[in-house]
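Subject: Handover of a structure for your review

Dear colleague,

Please find below the sequence and structure that I am passing on to you. A summary of the findings follows.

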Amino acid sequence: MLKYQFVVHKKYWEDIALTDKVYQAIYAGITKERFENEFDSIFSNLDNTQNAVLLDLGCGIGRIAKFVAPKVKKYIGVDFAYTMVEKAIEYNKDLSNTEFVCSDNLSIIEKESVDIVLTEQVFIHCTKEQQQKYIEEVYQVLKPGGVFVSAIPKFEHYENGLTYEEFNKLFFNFYNKIILNSIQLHTISIKPPINKFNYEKTQKEK
Ligand SMILES: C[S@@+](CC[C@H](N)C(=O)[O-])C[C@H]1O[C@@H](n2cnc3c(N)ncnc32)[C@H](O)[C@@H]1O
């Protein structure tokens, strides 16, 4: 079966952010309506999001910031493409609780300081090694009970997709729930203990 190969290098994102094609590149995978519905349903499972620190990994031009920053105490967007970060700052300049950082790793974030990590349409463009590194770093920056909302490329469809064995190995320390079984796995993963999350609505899938 033919598998998609969407892994691209930093220069691609740096260059595309300077053109109008950036909107096509970012909105191609998911419509605004579907995105907002999905995140509304995720947020409805989380307690006390108004006091949460949220990290958006691979924040791009900051479309997610526009939608989620008003729902949380502090929003931090991280992206390795400087031109994306510049666009995100400009696009969200009306939101005072946002901060954008240009980085290809999460060592700039204090350990156990984040309540929610989101990553949307990013891992499909990362190698397995990059995905692995980020999953480990996300675990470190999350507070106990923190939540990782991730879109993971599926093995069946992508060259860089995770097999179930790899997924289970990488997400072993989390409690996982797959929320949308499309060509990407949308997952909610909770760093134990599960006290901040409405566990009634989830199940442990390990
Ligand atoms: C398709 S865009 C998605 C942007 C945003 N998550 C959204 O859904 O609106 C992918 C973004 O991920 C960033 N990115 C890709 N690989 C990355 C990496 N290894 N580290 C940090 N950012 C990365 C790109 O620069 C780009 O801004």
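Read along the sequence, the protein chain follows the pattern α-α-α-β-α-β-α-β-β-α-β-α-β-β, with 7 helices and 7 strands. Helices (H or I, at least four residues) and strands (E, at least two) are DSSP runs numbered from the N terminus. This is a predicted model, in which local features need pLDDT of at least 70 and side-chain atom pairs count only at pLDDT 80 or more, while totals for chains, interfaces and linings use all residues. Residues are numbered from 1 along each chain as its sequence is written.

**Overall form**

Along its principal axes the C-alpha trace spans about 45 × 45 × 35 Å. Of the 206 residues, 37% count as buried, that is, 20 or more other C-beta atoms, placed from the backbone, lie within 10 Å of their own.

**The sheet**

The 7 strands form an open sheet with mixed pairing, in the order S3-S2-S1-S4-S5-S7-S6; two strands pair if DSSP finds at least two bridges between them. Strand S3 (98–102) and strand S6 (175–181) are the edge strands, each pairing on one side only. Strand S1 (residues 53–57) and strand S4 (residues 114–119) run parallel and are joined by 3 bridges; leucine 54 has isoleucine 116 in S4 as its bridge partner.

Strand S7 (residues 184–190) is largely enclosed by the rest of the structure, because 6 of its 7 residues are buried. S7 pairs in the antiparallel sense with strand S5 (residues 142–153) over 7 bridges, and phenylalanine 148 stands opposite serine 189 in S7. With S6, the antiparallel pairing of S7 extends over 6 bridges, and a hairpin joins S6 to S7 through 2 residues. Lysine 177 has isoleucine 188 in S7 as its bridge partner.

**Surroundings of the ligand**

Of the 19 residues around the ligand, Trp13, Gly58, Gly60, Phe80 and Ala81 come nearest (a residue is near a molecule if its C-beta atom, placed from the backbone, lies within 6 Å of it). Helix H2 (21–27) and helix H4 (63–68) are the elements that give two or more residues to this shell. The shell divides into 10 nonpolar, 5 polar and 4 charged residues; Ala, Val, Leu, Ile, Met, Phe, Trp, Tyr, Cys and Pro count as nonpolar, Asp, Glu, Lys and Arg as charged, and the others, Gly among them, as polar.

Yours sincerely

Notes: Buried ≥ 20, exposed ≤ 12 C-beta atoms within 10 Å, placed from the backbone.
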